[in-house]
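I opened this entry to look up two interfaces. My notes follow.

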Amino acid sequence: MADNKFLVSFSPHTRDPLTTDKVMMFVVLALVPSILVSVYVYGFYAVKTYALAVIFCLGLEALFLKIRKLPVTVRDNSALVTAVLLAMNMPPSPPWWLVLAGSFVAIIISKQVFGGLGQNPFNPALVGRVFLLIAWPAEMTSWIEPSTLKSGFMFDAVSTATPLGQIKSEIISSGHIVSTGMADISDLFIGTVSGCLGGDSAIAVLIGGLFLIWKRIIKWHIPFTYLATVFVLTGLYWLISPEKTLNPLQHIFAGGLMLGAFFMATDYVTCPMTIRGQILFGFGCGLLTVVIRLFGGYPEGVAFSILIMNAVTPLIDNYMRPASFGEVKS
Amino acid sequence: MPFFGFRGGVHPDYNKGATSGKPIEVMPVKEGALYGVPLAQHIGAPAKPLVAKNQEVKAGELIGQAAGFISANIHAPVSGRVVALQSLPHPVSGKTAGIIIEASGEQDEILPVNVSEKFQETVLNAGIVGLGGATFPSNVKLSPPKKVDTLLLNGAECEPYLTCDHRLMLEKTEEIIKGADLIRRALNIENLIIGIEENKADALEAFGKFASSYKFELVPLEVKYPQGGEKQLIKACLNRTVPEGMLPLEVGVIVHNVGTCLAVYDAVENKKPLIERVVTVTGAVKEPKNLLVRVGTPVQDIIDYCGGFLGEPRKVVMGGPMMGFALSNLDVPMMKGTSGILVFREEDLPDLKQCNCIRCGRCVDVCPMGLIPSVMDRFVVREMYESLADWHVMNCIECGCCSYDCPSRRNLAGGFKTSKREVMKVLKAREAEKNG
């Protein structure tokens, strides 16, 4: 006499209140300080770019799921996280079609064709960024001078170079750093340097990142090992040849490293799940970033490093399985 | 006594307040009521029925004989007449063979247990099984094939909502200790350790008064689920790791629930068979209670005795919320291992809508057995039992921490539980291959 009155399901019958959509919302919340800084610095451009990215990413995801006749799961907020991170990884004032192209690659090519949420091997926002960087290098590196909110609303942006980009080209052309005061620590810290839309403000990223660690959304292992590796390795290089690179503090504050370490390398889907796996992952990201920054053709290297480490994540998860309780080595 | 703790675990809302202050109340036997007594209330072989239809039985009379080494005796919980030998609803297996007894008006007498010279035999005669929930026949556990140096008493009661052990520890403190002492003497065990979670300060205090006279160590346990898991408790109190696939015996320890110790005491000293136990009835019932209930009482009767439902019930759970079983109907009888009856309304229940695993790793962090549930879940979905075996699914204690913490609401622990049978086949085949 099966009685449908009572719900029968597997134990446990009580659950932690945190759900996936809330996890994603926490990440967006943690990005708010960075969003605010970018709006302060780039004004209307920032608002426009964020808005476009959100509309395109959510719209494309919904459209794709509709076409495939799958439940439209846009409300899990994962596309929202991708949208905000993608926007932050673009120049402050990209043309609308560049945002659309980036959103398409991030949401459709990098995420949905693999099976959607949780199934993508690479971080969608970073795949979007790297695709755009290779396909439209000029548009993706058209930086504008940071200004205050007021001047940002007037369309008189002055084009400029990023600190890391400037130094890279100086080293390539003359073998050493020419300009001084290019990457002032306080500018890097607050974010009043030119660069991508978001993530240039180390302090804003740090506030968000620490919030996520405090809320136990992410663990400290990846950001810490990532930043520490970059700090130590660039520090060693800087001690040997200070004329050829920025000091280690400038390195960890400049460019997208902070954003990458706290928000992109820690992307659940594409990073290892065990603590020792995460430590190895963070170290790998750091090592690759330093190699690219010091010896490669690109001034940045964060996106490439994380994507390469994303590729080895399944391997790390497989080979670094910790011993289970009381496991007897056979 | 140092406290070593264990890795992983979760902190669910305890929700014990509704019943923790309520003394144990005896639920009287109702004349004419039907008591359905399953023959399998324990791990192992079901008992063999000894009675026929229409036979008159006395409370405490042996009606089911332990069949085989790992099995337990079953006694008539009430005096009355056997009205049927038929299948009864069971929360796990769906149906189980049982004996239905109609209670008579005369319930004063309970037949005494045959107390034997041999301690283990008395325990067997009384039909005692582990009352913490695992229901392993106690006489087997109390016949260790090797030397045991520590008897560990489990008073953690880490499952939310449940307060039956808590109340027993307060109201039957000395009896529990005496029961443990009986075990200690019979098995010649040097150390006795009693572990109680720190949130039961009154119970810790009650036991503390006897610590010197009975020579045991009292360990306040960290409030964390599954603190009362056998392997976790041993790790936390003694820093000994039970090897995978082995029993606590391997590290010289026997763990017993406090309720089991009381049953042992009652059997030896009062000649009382195990025909009743304390159950916490709480959640959406009008009067939440800790009730001393006869085995075989239908859940419906117990809920009625607690004033009925409060609001519209949506889920009724037998046991605790972390490991208990959801009931499909209320004719299910109370069994020896039933520690709680919990009623949830729609609004009390979590949204169980699943989505894809986002690989957040929370299940990995909380697994007290050091497993990787998220990866194992993929194997469950794809029915990859070889891989499940390689990822040590057999080491899973089904505590439910992974499912509890999963933001995507994946049915992790449930999937492992149901996969184990297939994994066993894989392991047996491997064993056979190894032995040629």
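**Chain B against chain A**

I began with one pair: R359(B) and D317(A) join their side chains in a salt bridge, 3.0 Å from N to O (a Lys or Arg side-chain nitrogen within 4 Å of an Asp or Glu carboxyl oxygen). The model is predicted, so I kept its rules in view: local features need pLDDT of at least 70, side-chain atom pairs count only at pLDDT 80 or more, and totals for chains, interfaces and linings use all residues. Side-chain values use heavy atoms, without hydrogens and water.

I then counted three salt bridges between chain B and chain A. The contact (heavy atoms within 4.5 Å) takes 64 residues from chain B and 45 residues from chain A. I read a buried area of about 4600 Å² here, with 57% from carbon and sulfur atoms; this is the accessible area (1.4 Å probe) lost when two parts are put together, summed over both.

**Domain 1 against domain 2, chain A**

I took the bounds from the domain assignment, which is automatic or from a database: domain 1 is 20-140 and domain 2 is 162-318. Their C-alpha centres lie 21 Å apart. I found 36 residues of domain 1 in contact with 33 residues of domain 2. The area buried between these domains of chain A is about 2700 Å², and carbon and sulfur atoms give 77% of that. I looked for salt bridges across this domain interface and got zero.

Methods: Residues are numbered from 1 along each chain as its sequence is written. Chains are lettered from A and ligands numbered from 1 in the order in which they are written.
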